[in-house]
Structures are given as C-alpha cells and as structure tokens.
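Here is a short report on one protein model.

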Amino acid sequence: MYKVKFYKGNYIKRQKNANKDKAIAYVEQHFNSSASSQPNYSVVITGSNASTTSKNWGRWYARSISSSFATKVSGDNGILVGGWNGRGDGNLKHTEMPAILLEPLFASNPQQADIIRSEEGQLKLARILVESIERFFPQGGLVAFSVGHKYKKSNPKDRGATLVGGGTEADYAEKVLKKAAVMLEQIDNIPEQRTLRVMQGDKVLFETVIDEDDDLSWDAQRGVLQIP
Ligand SMILES: [Zn+2]
C-alpha cells in the first residue's frame, strides 16, 4: 500500500521527479538550529502555494511532535506558509502533491540534540511521520522523501546544521526517514476505523478500534482512560 522513494539532486529536480512519478505526498526532513541553545519549538514549512491538505497535515505533525517531545509549536499553529521569509518555499512549491518540510527539534539545543542522536528518538520521530501519512493519505501510494541538504548537485558537501555534541542535521534526518520508510512499507492494511493505542516508547502495549465519534476521557486522578 505504501511505497517510498528517496529523491536526490537539486531541490527543484527532486520535486519534478516526484511529480513525474505521481507521488501522493512529499516530505523533506530537517532539524532546526539557532545561535542560541534555548529555542524549543516544532514547526513545519509549507510552500507559499500549499493546499489545505498540506497545511492540515503540517499542523497535525507539529502538534503531535509537540505533545510527544514537550516542545511548543511555532508559526501559525505549527506551520509557516512560504517558509522563513521565503527560505524553504523553493523546496516545496514545485510539487504537485501535498508537501511539507519538517523542523521538529533543534540541533542547537543540547537535550534535543541528544534525542536526535538516539535510536529511540529517531524511532519516535519516524513513527509520528508515518502516522501522519496514514491519517492524511489513507488510500496509500508512492511517498516521496527528501533528505534536507544532502545529495544536492549544487553543494554536495552541505550537511546542514551541526548538532551540539556531534553529528550533522542531514545525516540524522536521513536516519529518521529511513526508519519511516521501513515502517511505511510494512503497513499492509491501514485500519479503516479510528484506533486507540497505549504506547511505551515505540512499543504498542494495547490497541483497539474505537468509533469515529467516541468521546474519550482521561481521568488523571484514577489513571483511567474511559471509552464510552
Ligand atoms: Zn535544514
């Protein structure tokens, strides 16, 4: 149901090739960076010509990252349409399918750099991306992945930001996308109904189908999640 293809070359060429292949969705993975170690927020860039699906998909991803990693969301409820003063727009605006550019965590924030380097952190990031694709593209199809910075003809040595404590943005972005690709290609049927999962790290402890209109309530005092 899902097939993943990694696109390389200059950004415009990646997008044009994904268009030619009729990919259903396009994802470019980055990590954010700043001169200060303080920033702690998640944001998704969409093209200036983004569809409603791209925007909703981006917001869903940014919100899910924020609740899983205890970050804030930045931009307009998690998205920056058209990028940082135009930066990032060209990475997406040539796509003919919904497309998002992910900036989930900061390479310049020491705690977040540790998460990015960890196997567990990468699996968590990959899983959220996979779940976002299942939710917004339940019909399956070809998903286009692009590793930010790496594999450009114009600047083959670019690896993006350096992580505090070692490593580069692009190398870890690639690790996350590779994990997401394996997970996506293993999905053999997308649940037709809403699913409730109890997770510990990346492990699913409990899973059940619930009604689309069920109103769940969490009672923190009793530690009970009530399904109607
Ligand atoms: Zn980047």
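Where is the place of Thr-162? This is a predicted model. In it, Thr-162 sits in the loop between strand S9 (141-147) and helix H5 (169-186).

Is Thr-162 buried or exposed? Thr-162 is exposed, because its relative accessible area is 58% and exposed means over 50%. Beyond its neighbours within four places in sequence, Thr-162 contacts Ala-107 and Gly-167. Phe-69 is 93 residues away from Thr-162 along the chain, and their C-alpha atoms are 21 Å apart.

**Helix H4**

Helix H4 covers residues 119-136. Its 18 residues should span 26 Å at 1.5 Å a residue, and the end C-alpha atoms are 26 Å apart, so the two agree. Buried residues in H4 include Gly-121, Leu-125, Ile-128, Leu-129 and Ser-132. Glu-134 is also buried.

**The largest pocket**

The largest pocket holds about 1100 Å³ of space. Of its 25 lining residues, Trp-60, Glu-131, Arg-135, Thr-195 and Arg-197 are the closest to its centre. H4 gives the most to this lining, with six residues. Helix H2 (52-69), H4 and strand S10 (195-200) each supply at least two lining residues. Domain 1 (2-190) and domain 2 (192-228) each contribute at least three.

What kinds of residues make up the lining of the largest pocket? The table gives the division.

| Residue class in the lining | Number |
|---|---|
| Nonpolar | nine residues |
| Polar | six residues |

Key: Residues numbered from 1 in each chain as written. Predicted model: local features only at pLDDT ≥ 70, side-chain atom pairs only at ≥ 80, totals over all residues. Heavy atoms only, no water. Helix = DSSP H or I, 4+ residues; strand = E, 2+ residues; numbered from the N terminus. Buried < 20%, exposed > 50% of the residue type's maximum accessible area, 1.4 Å probe, protein only. Contact = heavy atoms within 4.5 Å. Expected span 1.5 Å × (residues − 1). 1 Å grid on protein atoms, 1.4 Å probe; cavity = no way out; pocket = protein on both sides within 12 Å on 5 of 7 lines; lining within 4 Å. Points joined across faces, edges and corners; volume = space filled by probe spheres on them. Nonpolar A, V, L, I, M, F, W, Y, C, P; charged D, E, K, R; others polar. Domains from an automatic or database assignment.
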